[in-house]
Every structure is written in structure tokens, then in C-alpha cells.
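Please find below a brief note on the model under review.

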Amino acid sequence: MGKKLTAAIIGLKFGMAHLEGALRCGAEIAAICDSDPDALRFAGEKYGIPEEKRVSDYRQLLGRTDIEAATVAVPDQQHSLLTCELLRSGKHVLCEKPLALTREDIRDVIRAADETGRTCMVGQICRYTPAFEKAKQIIASGGIGEVYFAESEYAHDYMYLVDNWRADPKRHGVIGGGCHAVDLLRWLVGDPQEVFAYGAHKLLPQVPYDDATVAVLKFDENVIGKVFVSTGCKRDYTMRTLVYGTKGTLICDNTSPTMTLFVAGADGMAHEPQTIPVEVNNHNAVREFEVFADAIRSGKPVETDAREGAKTVAACLAIVESSVTGRAVRPDYVF
Ligand SMILES: NC(=O)c1ccc[n+]([C@@H]2O[C@H](COP(=O)([O-])OP(=O)(O)OC[C@H]3O[C@@H](n4cnc5c(N)ncnc54)[C@H](O)[C@@H]3O)[C@@H](O)[C@H]2O)c1
């Protein structure tokens with residue numbers, strides 16, 4: 001068995017998923033960190049992390065040579081600062097999505113990753129959701145023929161989540177949460193080359209941006225798509241995703257125990273759908289951490305590196321710009 005990866009976990013609300021993922025992958029937890037003493041104590045007690053390993057300021061971790069890797073799950077506005085400082089102090093970093101909120105901050109992270117050569121992975125966790133992994137396999141094996149249309153949605157009620165850093169207009173719902181659906185479509189289909197979006201604002205008066213956005217997407221090579229983001233929706237969380245191909249159609253989401261596959265038969269018609277059972281695991285932090293740890297140990301690149309995370313934010317920024325200006329926008333993927 002290889003040497004245990006020593007990791008620090010920074011930000012301990014959603015970051016507890018990173019902590020659990022790291023523990024279940026056999027990592028050694030060198031430190032946990034949160035600026036809120038209650039969050040620090042709660043996570044420490046819940047996971048049996050002794051007091052001497054609990055720190056309130058991430059800067060206490062920068063000079064520590066015993067820490068190889070760090071995970072970052074603090075408010076999105078701080079992602080670039082912490083990621084850059086950690087990379088420059090020699091740590092490998094798994095940073096939550098979205099990589100950053102502005103192109104300038106994104107460029108800072110890419111530069112730090114390039115200059116240090118450390119693993120910099122963006123936590124686009126939907127790529128480890130079993131139903132979406134299965135969808136990717138079916139598409140790649142030609143199971144639905146050539147894709148001509150794909151849509152995904154991010155519908156998640158933020159009613160009790162937005163009275164904080166999420167109300168910042170820079171953290172528009174399309175960038176903060178909708179990036180999951182945008183990244184999923186980029187992964188399954190490719191990069192949208194042009195987007196056109198409309199927004200509505202009816203459910204979250206406490207935020208200064210639209211709480212619902214729909215975008216039509218034009219991909220390369222005769223392929224079109226759609227993204228719908230609602231952060232005030234009155235329903236359970238879903239990322240319902242449909243992919244239409246020339247030989248079949250896939251319907252799946254991250255919260256359903258089954259997915260549906262239509263495949264055309266000899267007569268060219270798809271009569272009976274197949275129901276495929278899938279594990280429901282919409283925050284597969286164990287698999288995500290495993291990929292991170294494997295990349296560090298093997299020296300191989302990660303799929304969701306800083307440039308890949310940057311492209312997802314670029315597509316989201318284009319959607320927001322289109323919904324505000326009423327014009328079609330071509331995402332700028334060059335950083
Ligand atoms: N992948 C997912 O599905 C998913 C789900 C939820 C949140 N997230 C992401 O995780 C991150 C955190 O979200 P959250 O819901 O946990 O937010 P939160 O506000 O509930 O918690 C953030 C925590 O970070 C701490 N913190 C803030 N600044 C800090 C700093 N400089 N140093 C140390 N600790 C600091 C806060 O005290 C708090 O405990 C965000 O980037 C969010 O987008 C991802």
C-alpha cells in the first residue's frame with residue numbers, strides 16, 4: 001500500500017463532504033480549518049479530529065511541509081485567493097466549483113497552477129454522479145447514435161441559503177449553482193459556441209439577480225441544447241438531464257434511482273423504454289477525492305483542472321451576459 005496522503009480540509013460546511021471523502025479514501029487528516037469556531041468544533045467532534053489539528057486561519061497551514069494537499073470549500077469569492085496561496089505554498093488543491101467568479105481571478109489560479117505544477121482540481125462533482133457517468137458511457141459507446149440536442153437543469157430551492165455571500169451579484173445563480181448543469185453539458189456534449197438567455201425574478205427578493213434563467217445553446221457540428229436554472233423553485237432538488245441522439249434518447253437526473261433509455265429498433269422507432277437502475281449519489285465526494293489523490297500519486301493530469309473549470313465559468317458568464325443584454329454571446333474560452 002502506498003504512503004497515505006496528508007490533507008488539510010478548509011471550510012467545514014459543505015467541506016465536511018471533502019473530509020468524509022478524504023477519510024474514506026484513507027487519507028491522513030493533518031488539519032481541519034474553519035474561521036467559525038462552532039463549525040470547527042462541530043466537524044472536529046463529528047469526525048474525531050483532535051483539537052491540536054483544528055485551526056481557524058488557513059494561513060497557519062501555508063508554511064507546513066507535512067501537508068501535501070488541501071481541499072477548499074469556502075465562499076466562492078475566496079476560491080481564487082486560497083487556491084493560489086495554497087498552490088504557491090506547495091500544496092495540491094481540490095477547490096470547490098465554481099473555480100472563481102471573475103475572469104481575472106480565474107487567470108490568477110491558472111497562472112499559479114502552471115507555475116507551481118501542483119495538481120489543481122475543480123470539484124465538478126456531477127462528473128462522479130452514477131447516473132451521469134452511465135449517461136457518458138452510453139453516449140461514448142454510440143448507444144444513442146449522434147447527439148443532436150441535450151438539456152440539463154439545476155433546480156434547487158435556495159430560499160434559506162441566500163442571506164449570505166450567495167446574495168452577491170457576482171455570485172449569480174447560473175454561476176454558483178447552474179455551473180453544475182453547464183459543466184455536465186460541456187462534459188457530455190462539448191463546449192457551447194454561442195448562447196442566448198432570458199431571466200426571471202419572482203422567488204428570491206433577497207438577491208439582486210434573476211432566480212430563474214433559461215439559455216439556448218449552440219454547440220459545434222449541428223448540435224443544440226438548453227440549460228434551465230432555478231434557485232427559488234418549489235420542488236425537490238433535481239438536475240434532470242435529457243440527451244437526444246439519432247438512434248435513441250436518454251433521460252436521467254441526480255436524484256432518481258433509475259434512468260430511462262429509448263433505443264430505436266429495426267423499424268427505426270423507439271417503442272419501449274428501458275429502465276436502468278442507478279445508485280443515487282449526487283455528492284460523490286469519495287470518488288472525487290479518490291480521483292484527486294490518484295492524480296497526485298501518479299502525477300497524471302486531472303480532467304477537471306483549472307482550465308477545464310475556467311471553461312465552465314466562461315460559459316456561465318456568457319449566459320448571464322446574454323440574459324442581461326438580450327443579445328447572443330459567444331463564450332470566451334481563452335484565458
Ligand atoms: N459541489 C456541490 O454540490 C456543492 C454544494 C454546496 C456547496 N458547494 C460549494 O462549497 C463551498 C462552501 O459552500 P457552503 O454551502 O459550505 O457555504 P457555507 O457558507 O455554509 O460554509 C462556508 C464555511 O466556510 C467557512 N469559511 C469562510 N471563509 C473562510 C476562510 N477564509 N477560512 C476558513 N474557513 C472559512 C465559514 O465559516 C463556513 O463554515 C462553496 O464554494 C459552494 O459553492 C458545493
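1. In this predicted model, 47% of the 335 residues of the protein chain count as buried. Among contacts with a separation of 6 or more, 67% join residues 24 or more positions apart.

2. The secondary structure of the protein chain comprises 10 helices and 14 strands. Its radius of gyration is 20 Å, close to the 20 Å that the globule rule gives for 335 residues, so the chain is as compact as a globular protein of that length. Along the principal axes, the C-alpha atoms occupy a box of roughly 65 × 45 × 40 Å.

3. Eight strands form an open sheet with mixed pairing, in the order S8-S9-S10-S7-S11-S12-S13-S14. Its edges are strand S8 (194–200) and strand S14 (274–277), each of which pairs on one side only. On average, neighbouring strands of this sheet are turned by 10° against each other, direction ignored.

4. Threonine 258 has proline 277, in S14, as its bridge partner.

5. Helix H6 (residues 130–140) packs on the sheet and touches strand S7 (147–155), strand S11 (241–245), strand S12 (248–252), S13 and S14. The direction of H6 makes about 170° with that of S12.

6. Helix H8 (residues 179–188) lies across S7, strand S10 (224–230) and S11.

How values were computed
Residues numbered from 1 in each chain as written. Predicted model: local features only at pLDDT ≥ 70, side-chain atom pairs only at ≥ 80, totals over all residues. Pairing = 2+ DSSP bridges. Helix = DSSP H or I, 4+ residues; strand = E, 2+ residues; numbered from the N terminus. Axes fitted to C-alpha atoms, helices over the stretch in contact; angles between N-to-C directions. Contact = placed C-beta atoms within 7 Å. Rg over C-alpha atoms; globule rule 2.2 N^0.38 Å. Buried ≥ 20, exposed ≤ 12 C-beta atoms within 10 Å, placed from the backbone.
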